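Here is a short walk through one model. Keep the sequence and the structure side by side as you read.

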Amino acid sequence: MSPSERDAQTPDPDPSAAAPGSDGAAPSDVPVADDGAPGAEGMGAPAERSPEGSEADGATAPPRGAARADDGDADRRAAEPPLPVRSAVTDVASTRVVVLGGGPGGYEAALVAAQLGASVTVVERDGLGGSTVLTDVVPSKTLIATAEVMATVTESVELGLRFPGAGRGETDAESAVTVDLDRVNTRVRGLAKAQSEDIRERLEREGVDVLVGRGTVLAPDRVRVELADGGTRDLRADVLLLATGSHPRELPDSMPDGERILTWKQLYDLTELPERLVVVGSGVTGAEFANAYEALGSDVVLVSSRDRVLPGEDADAAQVIDDVFRRRGMTVMARSRAQSVVRDGDGVLVTLADGREVRGSHCLMAVGSIPNTAGLGLEEAGIRTSESGHVVVDRVSRTSIRGVYAAGDCTGVLPLASVAAMQGRIAMWHALGDAVSPLKLRTVAANVFTAPEIATVGWTQAQIESGEAQGQVVKLPLAGNARAKMQGIHDGFVKLFCRTGSGTVIGGVVVSPRASELVFPLTLAVEHRLTVDQVAHAFSVYPSLSGSLAEAARRLHTAPEVD
Ligand SMILES: Cc1cc2nc3c(=O)[nH]c(=O)nc-3n(C[C@H](O)[C@H](O)[C@H](O)COP(=O)(O)OP(=O)(O)OC[C@H]3O[C@@H](n4cnc5c(N)ncnc54)[C@H](O)[C@@H]3O)c2cc1C
């Protein structure tokens with residue numbers, strides 16, 4: 001019997017307790033992340049960026065692979081079939097680690113492997129930092145930074161600012177400030193390139209070999225690299241990590257042309273602000289770009305196949321964004337499925353499933369992502385993928401083949417850069433015999449970078465209402481917060497969820513400017529199982545938006561029973 005067969009038949013119930021390398025066998029029953037089947041937004045079935053994994057999961061679905069046992073509930077996935085495993089390496093210094101893909105899933109893993117003393121090669125075809133740095137997170141958040149300033153300026157009349165017009169009296173705030181998109185995008189591309197370079201330098205400083213080229217898996221322990229500057233190179237791998245990311249989903253009747261019909265990766269070549277931008281898809285990506293371009297001055301039409309924008313988010317939070325979008329003049333078309341998008345002279349024509357037509361100068365297709373796993377040689381190497389093409393992994397990033405791990409968007413576990421990086425690190429800690437705990441999705445903090453932002457962590461209200469989690473909910477609108485009043489903040493709220501009885505904080509939602517910064521106390525509370533009383537007894541600054549978090553915790557206090 002091979003080690004993998006033996007382990008598969010004698011599951012170890014606690015993967016974090018096993019010390020890979022100590023007995024030469026990795027634990028075998030780490031629950032497998034589900035198959036990452038993509039959801040349905042816009043025109044079909046994408047994997048959308050959302051803490052819920054995909055929009056089709058709806059607001060009631062738990063994050064994929066969420067660590068249910070954290071809350072004392074039975075881990076339903078423990079019943080899933082165990083994966084074959086490999087023996088962990090025993091001599092790190094002579095271990096060759098090959099990483100396919102230089103995004104956060106790949107480069108963070110490479111840094112860990114180098115730190116532990118392995119010999120590491122990263123193969124990257126486009127640029128270090130991956131889509132995260134070059135086309136997705138860094139560019140979008142840099143663009144959004146400019147949009148935020150625009151929005152702050154144009155909404156500042158209430159705070160007493162005036163905008164003297166050129167020559168004749170005052171002008172309205174919107175006309176007082178305009179954007180030079182060419183300069184914005186030059187800055188965006190420059191920042192992305194510089195960050196990619198920083199990552200390359202860091203990897204090389206840590207002794208990681210970087211090969212520029214496209215890798216394919218010849219066998220679980222062999223990779224072929226078609227080098228960008230010609231020729232091929234074959235690499236032996238004792239440990240192989242797949243971190244190849246994903247790419248925008250394209251639909252046959254709505255093919256991007258890079259000029260007027262665009263994926264989110266093509267937006268940064270625009271030199272002029274789209275006059276009228278039609279955004280197809282109202283998940284996180286669609287909502288963030290719709291918000292940003294509206295703030296920059298485009299006329300925006302958001303085409304959503306669902307009842308409201310951000311269907312995977314907290315319902316109250318999504319409603320705030322829906323209302324704000326409409327109030328600012330955006331056209332939000334709910335229950336409108338785009339059927340085709342074609343060029344129409346200098347513009348675009350979007351035809352909806354019910355026959356209605358929407359015209360614009362440009363169209364952004366934000367209908368989900370497809371994992372970069374086709375043609376990688378996975379099937380030939382016996383590495384299991386789901387129907388959607390995602391690599392099936394467990395919570396320590398193992399695939400179905402010994403010695404082969406996977407991290408990030410190619411696994412479909414939770415499409416966030418932070419999760420990709422953690423999966424990559426966990427893979428290396430596990431493979432190289434360091435202390436490791438399985439991935440815990442329940443404590444992942446996620447943010448939607450709209451204005452206001454939506455930050456979430458832990459269980460959702462929908463899960464509490466459906467009885468999946470036993471909890472109490474308190475919601476405080478920011479309109480009652482002193483600092484919010486001073487700053488002219490009218491939209492948003494904080495919500496806190498605690499376990500009934502114990503008062504342990506199990507989740508929360510913050511809808512406000514910079515919610516991404518405000519959610520951290522909640523993340524700490526969820527991670528360390530603080531009670532609402534512990535949160536309530538900590539000082540918050542007066543006046544501050546975070547004061548509403550402390551107030552929410554106070555409202556959830558249960559007075560002791562008096563006999
Ligand atoms: C518009 C947008 C905004 C986002 N904003 C955020 C955000 O604010 N916060 C957040 O946490 N997440 C955000 N995300 C999600 C985040 O971008 C992804 O979860 C993250 O990029 C996944 O990292 P990764 O390492 O798996 O893949 P990537 O960063 O995509 O890296 C994979 C790399 O592998 C390379 N590659 C692929 N195949 C091969 C091959 N055969 N050989 C060699 N190299 C190969 C690719 O060139 C790529 O560089 C956003 C996504 C989008 C689309």
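At what angle do helix H4 and helix H6 pack, and how far apart are their axes? H4 (residues 137–154) and H6 (residues 181–205) pack at about 140°, with axes 9 Å apart. Axes are lines fitted to C-alpha atoms over the stretch in contact, with angles from 0 to 180 degrees between N-to-C directions. The two helices are therefore oblique to each other (under 35 degrees is roughly parallel, over 145 roughly antiparallel, 65 to 115 roughly perpendicular, the rest oblique). From H4, Val138, Pro139, Thr142, Leu143 and Thr146 take part. Their partners in H6 include Leu181, Val184, Val188 and Leu191.

This is a predicted model: local features need pLDDT of at least 70, side-chain atom pairs count only at pLDDT 80 or more, and totals for chains, interfaces and linings use all residues. Residues are numbered from 1 along each chain as its sequence is written, and side-chain values use heavy atoms, leaving out hydrogens and water.

Now turn to serine 298. The loop between helix H7 (284–296) and strand S10 (299–303) holds this residue. Helices (H or I, at least four residues) and strands (E, at least two) are DSSP runs, numbered from the N terminus. Serine 298 is buried, at 5% relative accessible area (buried is under 20%, exposed over 50%, partly exposed in between, with a 1.4 Å probe and protein chains only). A polar atom of its side chain lies 2.6 Å from the backbone oxygen of proline 274. Beyond neighbours within four places in sequence, serine 298 is in contact (heavy atoms within 4.5 Å) with Leu273, Pro274, Glu275 and Tyr293.

Notes: Polar contact = N/O pair within 3.5 Å; in protein donor to acceptor, adjacent residues only side chain to side chain.
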